[in-house]
Protein chains: 2
Amino acid sequence: MVKKTRSPQRREDSLSRDRIVDASIELLDSAGEGGLTFRALSERLATGPGAIYWHVANKGDLLVAACDAVIAGVMAEVAAAPLDANADARAGAQSPEDTIRALALGMFDAMDAHPWIGSALFQSAGALPTVRLFECIGQQVRALGAPAAGQWSATSALLHYILGVGGQNAANRLSAQTRALDREDFLGEVADTWSALDERDYPFTRSVANQLRDHDDRGDFLAGIDLILGGIQRSTETKARKR
Amino acid sequence: MVKKTRSPQRREDSLSRDRIVDASIELLDSAGEGGLTFRALSERLATGPGAIYWHVANKGDLLVAACDAVIAGVMAEVAAAPLDANADARAGAQSPEDTIRALALGMFDAMDAHPWIGSALFQSAGALPTVRLFECIGQQVRALGAPAAGQWSATSALLHYILGVGGQNAANRLSAQTRALDREDFLGEVADTWSALDERDYPFTRSVANQLRDHDDRGDFLAGIDLILGGIQRSTETKARKR
DNA sequence: ACCTGAACACCGTTCAAGT
DNA sequence: ACCTGAACACCGTTCAAGT
């Protein structure tokens, strides 16, 4: 209907796994996690719900595939582009730390743009999307010169931290969206709730309520990455000193 | 209006929020995440599905309440008991680091015993269960003597890491359970998959495949906590040196 | 090989009606 | 105030039947 002829070996509107995945991503982006439905999807693709099952095993499979398409894009971007244009112009290679930061920020931004990824990654466990991330982080950890014994835990820690932040941010997004609030109003409400907590039971949470109100998600995320990177470096130094 | 008299002023089998939450936890533990259904729940409680809505707003509310009941239990345990009996017998107070480790392990074990918590915590975003955890960690981070500016990010990092591991573990559990595999077989299969990856694209993942096969979840989890704690200490030292 | 669409077995949630 | 249970509007998935 819309697009011109490409490779007319097939009907332009014939189904394919890729087309289904693309439509799923659009649906998830526009309608949220609950928006991905075999009925909505088949309507968008102008078929019956059953047709989709010819190309996709089930809903879980579809979600993982959609997730993987996004993650693969992020990994490719990170591999191609350096942290920012300035750093690129200045010299050649960037440090492994910088690459890890770029990777982490890439994931942060992707999860910000597609909040549903956060929970999708928790449903895909040891599947391809997670492995991509794991590999990408692991290569940099190795380049960091961490002792072999520590590479596994360092990589796992970074991965879990990234997934944790992503999942939590996605949850916040969802919760804000459900109550039809924008980011600022949502954070304001949570901050109000925190401020109203009992002083004796929640002294810490109360004391940081105002920091929540206008904090920088992205900056805080990066601070956590730096904390872990610092811990890795520290453990490397300790190991070296013992030798 | 709620808990004036504990004595049996009501029929033994009358509904209450607590009874519903307890039954939900049992259902989730025994039948998994998908096992919590208003129909299954009402059957277990010998009522109609509609009756539950008198005490609970909706399914999300119920899941958060179930999650909170478990988390509250863990926090209470950590607050009461030290890391282990030996440490207790030896001296009085344990260090903030040890308390954080105990807290983290308590969460790990709880998420191991109730895998559904992992995903429930991602649906409860800024709600009570997360705040309990946040507060508990925050108090210890403060006790650590970290500079005020860093307390927020340190606490957030620890929280997100714990939630990330928990969510990922829960996902693995679910995936193993779906395919009717025990832990060892599941890890074996994943390790096989990793070993079969393309050497050029996944060198790191391939190289650690065997570490996966018989790794220690709990130990690795703690190693990540220690990495973050190390990073916190490192940043504290740096700040102090600059002064 | 690929697609159709009715049908099945569920689900969360509501609500008039009961006590 | 609390509970009942039928009913509603959905859902993922299947499958005989078509091309």
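Predicted model: local features only at pLDDT ≥ 70, side-chain atom pairs only at ≥ 80, totals over all residues.
Helices α6 (96–113) and α9 (148–178) of chain A each contribute at least two residues to the lining of the second largest cavity. The volume of the second largest cavity is about 40 Å³. Its lining consists of A:Phe108, A:Met111, A:Asp112, A:Gly166 and A:Asn169. Of the contributing elements, α6(A) gives the most, with three residues. By class, the lining of the second largest cavity comprises two nonpolar residues, two polar residues and one charged residue.

Rolling a probe the size of a water molecule over the atoms shows where empty space is left. The count comes to two cavities of 30 Å³ or more. The largest cavity holds about 50 Å³ of space. In chain B, α6 and α9 are the elements that give two or more residues to the lining of the largest cavity. The residues that line the largest cavity are B:Phe108, B:Met111, B:Asp112, B:Gly166, B:Asn169, B:Ala170 and B:Arg173. Here the largest share, four residues, comes from α9(B). The lining of the largest cavity divides by class into three nonpolar, two polar and two charged residues.

Side chains of opposite charge can pair when their charged atoms come close. B:Asp112 and B:Arg173 form a salt bridge in which the closest N and O atoms are 3.1 Å apart. Because B:Asp112 lies in helix α6 (residues 96–113) of chain B and B:Arg173 in helix α9 (residues 148–178) of chain B, the pair ties together parts that are 61 residues apart in sequence. B:Asp112 has a relative accessibility of 35% and therefore counts as partly exposed. B:Arg173 is likewise partly exposed, at a relative accessible area of 37%.

B:Arg132 and B:Asp68 meet through their side chains in a salt bridge, with an N to O distance of 2.8 Å. B:Arg132, with 22% relative accessibility, counts as partly exposed.

The salt bridge between B:Arg183 and B:Asp217 brings the closest N and O atoms to 2.3 Å apart. This pair links distant parts of the chain, with B:Arg183 in helix α10 (residues 183–195) of chain B and B:Asp217 in helix α13 (residues 217–242) of chain B, 34 residues apart. B:Arg183 is partly exposed, with a relative accessible area of 44%, and B:Asp217 is also partly exposed, at 23%.

Chain A supplies an example of salt bridges that share partners. Such bridges join A:Asp98, A:Arg101 and A:Asp226 into one network. Over all chains, the structure holds 24 salt bridges, among them the pairing of B:Asp112 with B:Arg173.

Notes
Residues numbered from 1 in each chain as written. Chains lettered and ligands numbered in written order. Heavy atoms only, no water. Salt bridge = Lys/Arg side-chain N within 4 Å of Asp/Glu carboxyl O. Buried < 20%, exposed > 50% of the residue type's maximum accessible area, 1.4 Å probe, protein only. 1 Å grid on protein atoms, 1.4 Å probe; cavity = no way out; pocket = protein on both sides within 12 Å on 5 of 7 lines; lining within 4 Å. Points joined across faces, edges and corners; volume = space filled by probe spheres on them. Nonpolar A, V, L, I, M, F, W, Y, C, P; charged D, E, K, R; others polar.
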